Amino acid sequence: MEKLVSQFYAKYALVQTQQVRDFMHTIDWNNRFIGIKGSRGVGKTTLLLQYIRLHFEPNNSVLYISLDHLYFQENTLYDLVHDFYIKGGLFIAVDEVHKYPNWAIEIKNIYDDMPNLRLVFTGSSLLHIQQAKADLSRRVVVYTMPGLSFREFIQFETQIQLDNYTLKEIVENATNISMAITQKVKPLQYFENYLNYGYYPFYIENKNSFHQKLSEVILTVLEVDIPQYAAIPVSNSVLLKKLLAVISNSVPFKPNMNAISERTGISLNTMKNYLKLLNDVELLHLLYVEEKGINSIGKPEKIFLNNTNLMYNLGIDTNIGNVRETFFLNQVHNKYNVFASKTVDFKVDALYEFELGGKNKKNQQINELKNAYVVKDNIEIGTDKTIPLWLFGFLY
């Protein structure tokens, strides 16, 4: 345990707190047990260490550990936490719980047996607390951490503090909001860079090697995370790669399941399962029509890559129309329910409809629709029924 403590102190000393995600302030840290899940690369580990650095002195009351450490090949999480607790421990951050086979049962036992302890854990976006082999749903408050919004990216780049807005505020007051923002900063100056490398905060470490690191993240998800979680042979990761490659070269598109099955050599039922897994790890986004919903056994209406950084990384044709739709879906779905629409590109929360296009896009398509808006790229200021595309990056 001494080695774990010394390694924690080393991380504590190095973590920076100058750039802290706004996501930290959405968490109610007063809850006894908190779970934070999200895809690889969105900054969960950094968030834990920053929170500790901002709120604790490095002493016996606080500890950070990662469950992918070799220590846990021969020692249990429960025993370590119990030892920490009886020596005065009050707060422990547990990283990478998905790497530990019995994490849910042991966390439940820790909750029940150590009433004065606060614990925060992070895990893969694959984690489903309700399906865990222990009743954690009433013990743990779970948050899902997204990548950087466009607003956060601008803040990281400029150190200028910018407000976020609700969807209702944006559709009802796009002109005044966009004018207020553009008086502080020129969003379009940063937009292309965000689309290329701004979703994953590790871009800050080295922009030149960003896509190399993102490629490594993708491979780890395909070769390690999914096989471990879904208990599928590691050798089948080649099928996951093939499926992702086939879809990446066509997104966003209306899938023909039989055609994809024939092209990849993956059986129909297996392919549906793989698509769901790729959606859960946030490499893909499966978009459904409103009547079916995300839990439908029917096929998705369209398949997108999760974010525009993935589009640039996988070397697909970054058609500007595809990039616009991917950006819009990625930014909006983190806060709202987004579905495919029969009349326009997207329907959100069963209320608003949005048609996307360039700055010369006309409004005829929405003239007969209620609560419908044209979303235009390459414009700074919105007008009556027209909203700048970049503004949807200010929802969180």
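Colleague: How many bridges join strand β9 to strand β10?

Modeller: The model is predicted, so local features need pLDDT of at least 70 and side-chain atom pairs count only at 80 or more, while totals for chains, interfaces and linings use all residues. Residues are numbered from 1 along each chain as its sequence is written, and side-chain values use heavy atoms, without hydrogens and water. Strands are DSSP runs of E of at least two residues, helices runs of H or I of at least four, numbered from the N terminus, and two strands pair if DSSP finds at least two bridges between them. Strands β9 (346-348) and β10 (352-357) run antiparallel, and the bridges joining them number three.

Colleague: Which strands are the edge strands of the open sheet?

Modeller: The sheet has five strands with mixed pairing, in the order β8-β9-β10-β11-β12. The strands that pair on one side only are β8 (338-340) and β12 (386-388).

Colleague: Which element gives the most to the lining of the second largest pocket?

Modeller: A pocket is an open set of points on a 1 Å grid over the protein atoms alone, where a 1.4 Å probe fits, with protein on both sides within 12 Å along at least five of seven lines; lining residues have an atom within 4 Å of a point. Of the 39 lining residues here, those closest to the centre include Lys44 and Glu205. Elements giving two or more residues include α1 (2-14) and α2 (44-55). The most, six residues, come from α2.
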